Amino acid sequence: SHVVTFLWRAAGEPEPASANNPFVDVKESDFFCKAVLWAVENGVTDGTSDTTFSPFASCSRGQVVTFLWRAAGSPEPTSTANPFKDVTASDYYYKAVLWAVEKGITQGTASNKFSPKDTCTRAHVVTFLYRLVGEPSVTAANPFKDVPGYAYYVNAVLWAVDSGITDGITNTTFEPD
């Protein structure tokens, strides 16, 4: 739910075309309800079944780059060069991973490893989004004691909070992991 909410907010919080909610685990009062309906309606993701979305389940790195790729219109990668031993052409996230690498959204977790099944942390998600939008300059001060100034994700976190895409868990914690 957080990942689709981040994407929805980054898209400007568009209203879903339909208020039809097939998911028994997504209530109208949930902060993520409109984001979920928008994401499903726009082909960013599906539910985990016809009647469930599983909004509190973790997302993998493969899922998150696929969501970003679909939100960008599922563009074809310009290259089929695949540096990752753990990503194959038959994987649903194959084109999304190649596209994300081309766009500089990610480089993987090692030169030949993407780790598509690893859990995508809050730090990863905001970093992927931040890179997708071109890494805009950040001037906001860092209020988060768990986001060190040297962290690869510090500017992404500050941008995401300053842009209204997400908040910290508290005023002084972001919980990047």
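How are the helices H3 and H5 oriented to each other, roughly parallel or roughly perpendicular? The analysis rests on a predicted model, in which local features require pLDDT of at least 70 and side-chain atom pairs count only at pLDDT 80 or more, whereas totals for chains, interfaces and linings use all residues. Residues are numbered from 1 along each chain as its sequence is written, and side-chain values use heavy atoms, with hydrogens and water left out.

Helices here are DSSP runs (H or I, at least four residues; strands are E, at least two), numbered from the N terminus. The axes of H3 and H5 come within 11 Å and cross at roughly 30°; axes are lines fitted to C-alpha atoms, for helices over the stretch in contact, with angles running from 0 to 180 degrees between N-to-C directions. H3 and H5 are therefore roughly parallel to each other, given that angles under 35 degrees count as roughly parallel, over 145 as roughly antiparallel, 65 to 115 as roughly perpendicular and the rest as oblique. The crossing of H3 and H5 is right-handed, a term applied if the near helix is turned clockwise from the far one by less than a right angle, anticlockwise being left-handed. Arg61, Val64, Val65 and Leu68 of H3 make the contact with His124, Val125, Phe128, Leu129 and Leu132 of H5, where contact means heavy atoms within 4.5 Å. By class, the residues of this contact comprise seven nonpolar, one polar and one charged; Ala, Val, Leu, Ile, Met, Phe, Trp, Tyr, Cys and Pro count as nonpolar, Asp, Glu, Lys and Arg as charged, and the others, Gly among them, as polar.

Helix H5 (residues 122-132) also packs with H1, the two axes coming within 11 Å and crossing at roughly 25°. H1 and H5 are therefore roughly parallel to each other, and their crossing is right-handed. On the H1 side the contact involves His2, Val3, Phe6, Leu7 and Ala10, and on the H5 side Arg122, Val125, Val126 and Leu129. The residues of the contact of H1 with H5 divide into seven nonpolar, one polar and one charged.

Within H1, the residues Val3, Val4, Thr5, Phe6, Leu7 and Trp8 are buried, buried meaning under 20% relative accessible area, exposed over 50% and partly exposed in between (1.4 Å probe, protein chains only). The buried residues of H1 pack against H2, H3 and H5. Glycine 12 follows H1 and has a positive phi, near 95°. In H2, the buried residues are Cys33, Ala35, Val36, Leu37, Trp38 and Ala39, and these pack against H1. Glycine 43, which follows H2, likewise has a positive phi, near 75°.

Two salt bridges are found in a search of the whole structure, the criterion being a side-chain nitrogen of Lys or Arg within 4 Å of a carboxyl oxygen of Asp or Glu. One of them joins the side chains of lysine 34 and glutamate 15, with an N to O distance of 2.9 Å. Lysine 34 lies in helix H2 (residues 33-41) and glutamate 15 in the loop between helix H1 (2-10) and H2, so the pair ties together parts that are 19 residues apart in sequence. Lysine 34 is partly exposed, at a relative accessible area of 38%, whereas glutamate 15 is exposed at 52%.

A salt bridge is also formed by lysine 95 and glutamate 76, whose closest N and O atoms are 2.9 Å apart. This pair links distant parts of the chain, 19 residues apart: lysine 95 belongs to helix H4 (residues 94-102), and glutamate 76 to the loop between helix H3 (61-71) and H4. Lysine 95 has a relative accessible area of 35% and is partly exposed, while glutamate 76, at 52%, is exposed.

Two further residues were examined individually. Histidine 124, located in helix H5, is buried at 19% relative accessibility. Not counting residues up to four places away in sequence, histidine 124 touches Arg61, Thr119 and Tyr152. Glycine 108 is placed in the loop between H4 and H5 and is partly exposed at 23% relative accessibility. Leaving aside neighbours within four places in sequence, glycine 108 is in contact with Arg61, Phe84, Lys113 and Phe114. A separation of 27 Å lies between the C-alpha atoms of glycine 108 and lysine 145, which are 37 residues apart along the chain.
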